[in-house]
Each structure stands twice: as structure tokens, then as C-alpha cells.
Amino acid sequence: MKEKVLTEHFGLENLYKIDVYQKQGGYRATEKALKKMSPEEILEEVKKANLRGRGGAGFPAGVKWSFVPPTDKPRYLCVNADEGEPGTFKDRYIMSHNPHMLLEGIIITSFCVGINAAFIYIRGEYEAIALRLEQAISEAYEKGFLGKNIVESGFDLDVYVHRGAGAYICGEETALLESLEGKRGNPRLKPPFPASVGLWQCPTVINNVETISNIPHIILNGAEWFIKKGLPKDGGTRIFGVSGMVKNPGIYELPLGTSLKDIIFKHAGGMKEGKKLKAVIPGGMSAPILTADEIGIKMDFDSLVEANSMLGSAAIIVIDDKTSILDVLKVVTKFYSHESCGQCTPCRIGNSWINKIVKRIAEGKGKKEDIDSILRLASNIEGNTLCPLGDAAAMPILSITKKFRKELESHL
Amino acid sequence: MIKIFIDKDPVEVEEGTTVLKAAERAGIHIPHLCYHPAFPPEGSCRMCLVEIEGFPKLELACSTVVKKDMKISTKSERVVEARKAVLEFLLAEHPLDCPICDKAGDCKLQDYYDEYGLFESQFKEVKEKREKKLKIGKTLILDQERCILCTRCVRFLREVTETQELGVFHRGVHSSVNIYDGATVVNNYAGNLAEICPVGAITDEDFRFKTRSWFLEKRESICPLCSRGCNILIEYHPGFARFEVPKKVYRIKARENPEVNGFWICDRGRYGYSYLEEGRADQIILNKIDGENVLTWENISEYLGEKIKRLYSAKKATGIALILHTWLSNEELFLVHKIFKEDLKVEKIFFADPPQIEADGYLLTSDPSPNIRGALEIGFDIKTVDLDALADGTDFLLAFGPFLSGLFSLGDLKEALDKIKGKVLFSYYSNELNSLFDIVIPVALIAEKAGSLTNVDGIVQSFQPALEPPGESLPEWKVLADLGKKLGIDSKFFEKFTSPDAILGEMGKKITFFQEKE
């Protein structure tokens, strides 16, 4: 059984062109789904596959789709390609190497949910990738995979690429919608959830690039095959993006449940010469930090939750013993303080306050009570904010401060 | 209705309502800053977090819809701690310049700190520097440092006026409210911004630094400056017993009435309050009296009664003319109608109201008088004064209101009025118009008397005196009831009218429109 699913043909020259993609069996899934399957059958298959969201929250995609209520309003699909979580760089690989795989996922998802317009919200910095996506979209229109009456199934779909303007918060699904509507990217109050009240107040499905890219494979190979690729409750593979002090940083598509130790030492080639492992951030910067003795953990949603961390975007940041944990904390707090949208009180002021304390410590002006202050303030942010950014900031700050308290205190 | 539990007490609440509204109904105030009943919940200040059984996190009271048997704690330790935390965050970046803040004493941040805060500041860092005195409107000053980013102002301009002059700029702790490219807030409702700002971020130059809010008494009244009849609060300094501080009106605020003005008033009504105090007439003026010397209203009413009675007995009631206006209350217009139209059969009845204005499409109507609809319902035909018709064959003129001078030049008025032998004016103000009349009797404004008005939509609204009438001023309903008695045509009818309420009661019996409106 072949190991890789999403990245299988990544080595192939010009895979991003539709002819090359089709030679590898591309758009067969679209033909199958639109001509031989009903939307209900597709939904059933995706639900059975236990495909959990690859953006970070891990919400089952099929369940999300089934929340779309039966109304007369138009429905929309938004593909979250904002990829703003620090350490994360998997979606850019998918979109630049194999944009048609994503488009196939978009077509099948839209057909399943009854959507005729889909948007790819891509981070502004990915300009070249956005152009490549647009190229792929126009090829798909030419070949009749987009537009009116796709593969003569009677189904119509238009796809648009929308570039963001550089805010982390726009990766949060409701802020993404606001931004797409041309407004300031502030998260919305939930409920209502986007599935019922989303883009322009219409039912909207929002999925991550990697999530959607799995759809054609589930359609072609079936839910059972997909589950075997990963875990029963967590189907498929995962693209781990490894960065930091390893010999071979990069993306590694591996089955869910692969151990963190194997990813770092087997797949990414182990630590760089002369470096010793100190800590790992396992799922993008928001994920609580793991110490060197915690890396035996299996990399899947549930195992990481059990270890009080999270799989998040599966971006693994490897930290070595020469890196000061105060520097790590400084980077983390600066980032969230800078990226807080400013809408709700605890996130707006809490993150800035913590960042000011950490900066002061780094300037050698730390006070004895600072560590407790950081913990108290982060706890007051956690769980009390309008959107998940507050938690995304508080979790790493709390875990870093608790697990490396002694080292931080040595700076006071 | 469904049953929920707030702080263990069972409460019957409407289905579909929110936790915050349900609690408010039950007499429990859940602190909030960004929530305003005029707008959908915003959920950004995080002050209203409460604990709900079965929910792992604290939930927003402003947006969470009640469910059957929901158990809500508004005072649990967790809730109080969260409130404290939000206050601590807000105050960390707040300038705490309360002594020089106009909003002091009238500030939700102060109130909540007093109730839930009272901690020692742990903030050892440098506060963000922002603009302290941005002119964002004709009289509006924005202090970005005091702003807590509740965005009530931004939402007001987006959802109520739809003019969108304010926005939130920048991100995170640098977020601040501002105008776009120097274009200030220009609309007829701008003054509401200072009122809905829960802190001292937006203040009003019309009020700024003139007095302290805690000296002011809030008195309920109705705005008479157009036919909408917006409900208002007149904020009044009652003076001090031991210091020389004058009694004075300092500002007008909106008073909630969902049927009439919602939560808002227009700037014309808000800033146009000088009519309450400036140039008021406060004593009876006798310019020319034929015969005896009259000094008090008692004497004058005798004199007027006799005068009118004589004309009536001599079948000369046709020589009586009347000028009315629609700042008069329903009760006053009803008495005028009874005395002069029904009993005396006077035909020359004119109206002198302020000239029409431009309506703004929202609250402000084109009628700058509050009771045109009332006059119509009572049975008046609203004819504007025609000076020739007025003077022709008229022996005696009773004129109400100061508005003649806004319609005609003093010269034209003098020419016409010179032809009339006897002339009496009931006016709010002391001005040149008064010199054209034999007797001028000062009268009370709507804010100074009781009565009712019928607004443009036919809503009858009662009001009570908010301010004292100046000097010898009298309410016209009293003047007219006295006159009715003195005339002696139907004296009994007028005897029972010891209050406007009694008059409105009588109106309900006589005019279908006013049935059950008292």
C-alpha cells in the first residue's frame, strides 16, 4: 500500500498543469462524484472517512457540511488558505505543487453541499501561488471542470481566488468571512455558525486547503481505505511541517498517529550537528509546548489533547538547548500582541500587557512577581475571549511559562 | 414563557430572550459596556460573562438565548473573578484621568470598578499614548486613551444614521476609533454619540467643563421642537443653598421610548435648549389699560372676563379675534375650543406657529411645533394668520405665543394691531412683540407645566412639570380655566378643571380620538 496520498506526485515536473495532472488520473474523482454519486452518498462517504479538519480545530468535515440548513439562500464554500499559524507551510506546498487536486476537492465538496460559488481565501504573501491557482482555475474552466454544466452533470460552479491583506486573525473562519466581504477582519460572535449564517448572511462551508484536498482521494478510494491510512477516529494522513533545529526541515506526509520522536529523528533527520533537543511545539505556535521527554507521543488529535497540547496545523517547531526559552516566549507574546485584532478586551490588552512584561524581562528589568503575573494574565485571557485567538495565545504562554519556569526565573 | 433559574431563584421569562434581558427583568443587573439595547449583541467587552450550568466556559449574557430550566449564576466566584479581570485589563490601558473627565460620576467604568474592582493596580508597564483631544464633530471631542473600544459609536453611525463617519483603525492594543481622512461626524444625531459612550471617550463641547454631572437633576419632559415629541431628560442644576450658583439647564438627553424616539433625539432637540431660559418674560406687563389699574392675574382675568362678556352680550362676539399656536397642550387647545368656538362662536381664529423646517427623514419632522395633530383632532382648522383679515372689524384680540414675530415684520404687525382696540398677549418671552399689546401675561413652557401632546403619529403623551416657570408665569390651561369660569356662560363646566388630567378626562368623553388616552 502506498504511503503518501496528498504529496504522492509532488516530485513530478509540471504537476500543476492540468494535462500532467490528468495523466496521473486527475479529475477521475470529479467524474465519479458528479456522474455516479448523489450528494447524499458523497456526504455519507466523507462522514464515514472521519476526515477531521486540517486547519487546527480538527472538526469532522462531513459533520460540518451536514450543518448547512435547507434554505433557498445561495450557499458558499470558502477554502481557508490563509495559512497564518506560525510554523505552518503545508498548504502552500499543496497549492503550488498540485492546485488541481484542491480544485477537485472544491468541485466535489460544492456538488455535495449544493454550492455554486467557491472562494479560495489565500494569504496575501502567497502572491505567486495565487497566480498559479488562477492559472489552474482557467485551465479547469477550459476543460469543462468549472463553469456551467460540469462534466455534463448539470452542475455549475465558479471558483474565485481572494488574497488576504496580512492579518493572522483572517485565518479565523468568521474574520475570514468579514474580510472576504470587504470589511475589517474582525471575528464574528458565534452562534450563529457560518454553516447557517456565513458569507453575506448565507450558509457557508469553510474548510482548510488540506482538508478539501483529501476529498478526491476519499471519493476514488473509499472511506475504509482512508481510515486505514490513519486512525479509526482520525482518518487519513497528515502533512507535518517540520521546522527549527533539525537536519532536514520540510513537509512530511505521514499517517496520523506517527510518533513525534520518529518524525523528528527518523524523517527529519534528527537534530542539527551539535544541537540537543530542548522542546517541541507540536501543532503550530498556538499549541502548548512539549519538553524533550514528552516526544514519545503519537501525533493525532486525541493523543495530543491527552497530553494537554494539540495537533493544530501539525506544524512542528523543534527548539534546541542553545535557544533561550525567554526568546521563545518573546517571539510568541510579540506575535499574539501584534496579531490580536483588538476587538475584545482580554485579548487586546492582555496580550499586549504580557508582551510588555516579557520585553522588560528581556531588557534585564524583570521583577520577582513577573512570572506569576504572566500566568495570572494568561489565565484571565484563556476561555474569556470572543474568538479562539485568545486561547491560541494563552495556551502556549501558559505552557512555556509553567514548563520552563526555572529558566525564566534565571533572567529575573 | 419558560422557567429559568438566575442565582438559584426561579424566574419566568419570555422564550427567545437573552440572559441579560431576562436578568434585567428579574431586577438583576449584569454589568456590560459594549451591549446597548438598540443594537444586536457585540460580545466584545466581555463584562457580561456569566456561568451557565452545563457550559464549560463562561458565556455572554448579552447574546446567549435562554433555554428552559437554564441555571445561570451571575455572582459566582468565577463570574466575579472574570469581571475583575476584564476591569483590570481595561483600566491597565486607561489614563485614569477622572478628575478632569467630563464623564466622571456618569461613567460605567467608574461604577463597575466601585462594584467589582477595588484592586491594587499590578500594571507596571508604560501605557499606550494616543490622541487625547480629537475634534470628531461640530461639538464632539474624542479621547482615544479613555476609549474602551466598545464600538457603540461606530455601530450607532453604521446602524442608526447609516452615515459611518467613525471606524476602528489599527489592530490589537493600538486599535483606536477615529474619523476617516479628517471628515468629521456630520449628521443631525451626532450628539447621541456622547450620550451612548459608556466612558469619557466622546464628550460634548456644549457641556464639557461647564459643570459636574453629579450636581445635575434629571427631569423628564417632552421635546417641543418638532411634532415627533421625543422623550427627553432635562439635566438641571438646582443651585446651591449656600453658594451663588444659578439654577440652570445644562443639557438635554434622550429618554427611551420605543414607540416614539427609541433611544435617540436629534441635535436640534439636544442643543436647542436655550429657548428654555433665554429672554423669558417673568412678569405681567401693562402697556395700556383703559380704566382701572390691574396688576395680578386675578384682576386681569376679571377684566378680561368682563370685557369679553360685554362684547358677547352686545352680540359683538364677531369682534373678537384669536391667535393660537400648537405649542399649546391638548388640554389648553380643548379649553380654547370650548370657550371661544363652542360658547362664544368666535370665527376669527388664526394660528401663528414657527415656520416649517426641513424634515431629516428620521425623527425630526417638518413641523417645528409639538401639537399640530392635537389641534386637528380637537377640531381646529389650522389657518395661518392673515393680518388684513385679522384686523378687519376686530375690537378685541387675544393672542397666544411669541411666534407672530417670526412670521411678520414688526412694522407690519404694528400697522395691523393698531387697528384693534383691545389686545392681550400670552407669551413665553420678553421681546419687542410685547410692546404692541396692552397687556402681556407671561406663560409657562411645556417643560414647566403638566399636560399632554399629540405627536405626528397620533400618540398622546402626558408630561409633568420638569422646571419651575419663571416669575409670574402661568400655565395656559389655568389661564383658560379661569377665563371660562369668569365668563359665566358655562361656568360649571370649568369648575372641575383643577388639573390637566381632569381636562383630558373630559376630552375623552367628548372626543372619540382622546378616549382612553388620558
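Of the 280 residues in the largest nonpolar core, which touch the most other members? They are Cys78(A) and Val79(A). A nonpolar core here is a set of buried Ala, Val, Leu, Ile, Met, Phe, Trp, Tyr and Cys residues joined through C-beta atoms within 7 Å. A residue is buried if 20 or more other C-beta atoms lie within 10 Å of its own, exposed if 12 or fewer, and partly exposed in between, with C-beta atoms placed from the backbone. In soluble globular proteins, nonpolar side chains tend to be buried together.

This is a predicted model, in which local features need pLDDT of at least 70, side-chain atom pairs count only at pLDDT 80 or more, and totals for chains, interfaces and linings use all residues. Residues are numbered from 1 along each chain as its sequence is written, while chains are lettered from A and ligands numbered from 1 in the order in which they are written.

Start with the core in chain A. Helix α6(A) gives the most to this core, with nine residues. Helices (H or I, at least four residues) and strands (E, at least two) are DSSP runs, numbered from the N terminus. Val79(A) shows the local packing. Leaving aside residues up to four places away in sequence, Val79(A) touches Ile106(A), Ala118(A), Phe119(A), Ile120(A), Tyr121(A), Asn207(A), Val209(A) and Ile212(A). Two residues are in contact if their C-beta atoms, placed from the backbone, lie within 7 Å.

Now take helix α5(A), residues 90–97. Six of its eight residues are buried, so the helix is largely enclosed by the rest of the structure. The buried ones are Lys90(A), Asp91(A), Arg92(A), Tyr93(A), Ile94(A) and Met95(A). Their cover includes strands β1 (76–81), β6 (237–244) and β7 (250–255) of chain A. It also includes helices α6 (99–113), α7 (127–142) and α9 (209–213) of that chain.

Two of these covering helices, α6(A) and α7(A), pack against each other. Two packed helices are described by the angle between their axes and the distance between the axes. The axes of α6(A) and α7(A) come within 9 Å and cross at roughly 60°. Axes are lines fitted to C-alpha atoms, for helices over the stretch in contact, and angles run from 0 to 180 degrees between N-to-C directions. The two helices are therefore oblique to each other. Angles under 35 degrees count as roughly parallel, over 145 as roughly antiparallel, 65 to 115 as roughly perpendicular and the rest as oblique. The crossing of α6(A) and α7(A) is right-handed. A crossing is right-handed if the near helix is turned clockwise from the far one by less than a right angle, and left-handed if anticlockwise.

Pro99(A), His100(A) and Leu103(A) of α6(A) meet Arg132(A), Leu133(A), Ala136(A), Ile137(A) and Ala140(A) of α7(A). By class, this contact has six nonpolar, one polar and one charged residues. Ala, Val, Leu, Ile, Met, Phe, Trp, Tyr, Cys and Pro count as nonpolar, Asp, Glu, Lys and Arg as charged, and the others, Gly among them, as polar. Helix α7(A) also holds Leu131(A). With 11 C-beta neighbours inside 10 Å, Leu131(A) counts as exposed.

Of the 518 residues in chain B, 45% are buried.

Helix α7(B), residues 297–313, packs on α13(B), residues 476–487, at about 50°, with the axes 9 Å apart. These helices are therefore oblique to each other. Their crossing is right-handed. Ser301(B), Glu302(B), Leu304(B), Gly305(B), Ile308(B) and Lys309(B) in α7(B) face Asp482(B), Leu483(B), Lys486(B) and Leu487(B) in α13(B) as contacts. By class, there are four nonpolar, two polar and four charged residues.

End at a loop. Asn434(B) sits between β18 (422–427) and β19 (439–442) of chain B. With 18 C-beta neighbours inside 10 Å, Asn434(B) counts as partly exposed. Beyond residues up to four places away in sequence, Asn434(B) touches Ala281(B), Ile285(B), Leu425(B), Ser427(B) and Val440(B).
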